[in-house]
Amino acid sequence: MRTIASDRLLLRPWRAEDADLLLDLESRWEVVRFLGAQPTIMKNREEALASIARRCAIDDPIHGIWAITTAADGRLVGNLLLKPIPLSAGESAGGPTDVEIGWHLHPDAWGHGYATEAAAAVLDDAFSRGLTRVVAVTDPGNRASQAVCRRLGMTHFGRTTRYYDTPNELFEKLAS
């Protein structure tokens, strides 16, 4: 999987040596509370290693799940994904597979613009590789991620139940 750089960040593949940092990130309820229909905290290092293995298994020229690190010192600050989004039960797949972008960052990294910067870099990279449309879905209560979507220039389409078998706010960005 490729590495993507922005002014302040380096998005790189996850590595086994990141397990303790991933556990610290995803064992925090304030970080995972908006992830998926039934959020759960990570409980141990073995779960972190298994999660890293799943993240690294994505072998695609466009999609990926990256560790977000600071370019200056390599400090791990979060996670960013770009991957096909699962449809809710009963939803018709007719047409191309929708691709989602999503992120979650360590609380120490909140408020620095890292989510917006990392997502913008991945969007630019994906659009330059031929992707034409990306969606983001947020929990209706996740105002911080909704603000990131707006800063990214994503269009808000309101509430949807099309993905993850749960109501979400839907955002979309098209390649320019």
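Predicted model: local features only at pLDDT ≥ 70, side-chain atom pairs only at ≥ 80, totals over all residues.

Reader: In what order do the elements run from the N terminus on?

Author: The order in the protein chain is β-β-α-α-α-β-β-β-α-β-α-β-β. The radius of gyration is 15 Å, close to the 16 Å that the globule rule gives for 176 residues, so the chain is as compact as a globular protein of that length.

Reader: And what does the C-alpha trace span along its principal axes?

Author: About 40 × 35 × 30 Å.

Reader: OK, how much of the chain is buried?

Author: Of the 176 residues, 48% count as buried. The protein chain exposes about 8900 Å², and carbon and sulfur atoms supply 52% of that area.

Reader: What about contacts between residues that sit apart in sequence?

Author: Take the contacts between residues at least 6 apart in sequence: 60% of these join residues at least 24 apart.

Reader: Switching topic: how many positive and negative side chains are there?

Author: There are 20 positive and 23 negative side chains in the protein chain, and the centres of the two sets lie 3 Å apart.

Reader: Which residues does the UniProt domain annotation cover?

Author: The UniProt record, an unreviewed entry, gives "domain: N-acetyltransferase" for residues 9–176. Over residues 9–176 the model is 29% helix and 28% strand, with the end C-alpha atoms 23 Å apart.

Reader: Let's get down to single residues. Where is Tyr164?

Author: Tyr164 is in the loop between strand S7 (155–160) and strand S8 (168–174). Its phi is near 60°, which is a positive value in a residue other than glycine.

Reader: Is Tyr164 buried, partly exposed or exposed, and why?

Author: Tyr164 counts as partly exposed because its relative accessibility is 26%, and partly exposed covers the range between under 20% (buried) and over 50% (exposed).

Reader: What is Tyr164 in contact with, leaving aside its neighbours within four places in sequence?

Author: Its contacts are Ala37, Lys83, Ile85, Pro86, Leu87, Ser88, Glu100 and Val137. As for C-alpha distances, Tyr164 and Ala89 are 75 residues apart along the chain, with 8.2 Å between their C-alpha atoms.

Reader: And what's the phi of Asp165?

Author: Asp165 has a positive phi of about 55°, although it is not a glycine. Asp165 is also found in the loop between S7 and S8.

Reader: Why does Asp165 count as exposed?

Author: Because its relative accessible area is 54%, and exposed means over 50%.

Reader: There's another Asp I clicked on, Asp139. Where does it lie?

Author: Asp139 lies in the loop between strand S6 (133–138) and helix H5 (143–151). With a relative accessible area of 28%, Asp139 is partly exposed.

Reader: Which residues does Asp139 touch, not counting those up to four places away in sequence?

Author: Asp139 touches Phe34, Gln146 and Asn168. The C-alpha atoms of Asp139 and Leu35 are separated by 8.0 Å, and these two residues are 104 residues apart along the chain.

Reader: Last one: which helix is Asp20 found in?

Author: Helix H1. Asp20 counts as partly exposed, at 47% relative accessibility.

Reader: How far apart in space are Asp20 and His106?

Author: They are 13 Å apart, C-alpha to C-alpha, and 86 residues apart in sequence.

Conventions
Residues numbered from 1 in each chain as written. Heavy atoms only, no water. Helix = DSSP H or I, 4+ residues; strand = E, 2+ residues; numbered from the N terminus. Rg over C-alpha atoms; globule rule 2.2 N^0.38 Å. Buried < 20%, exposed > 50% of the residue type's maximum accessible area, 1.4 Å probe, protein only. Contact = heavy atoms within 4.5 Å. Areas by Shrake-Rupley, 256 points an atom, 1.4 Å probe, with all protein chains shown as cover. Lys, Arg positive; Asp, Glu negative; His and termini not counted. Charge placed at Lys NZ, Arg CZ, Asp CG, Glu CD. UniProt positions renumbered as here; feature names shortened; annotations may be inferred.
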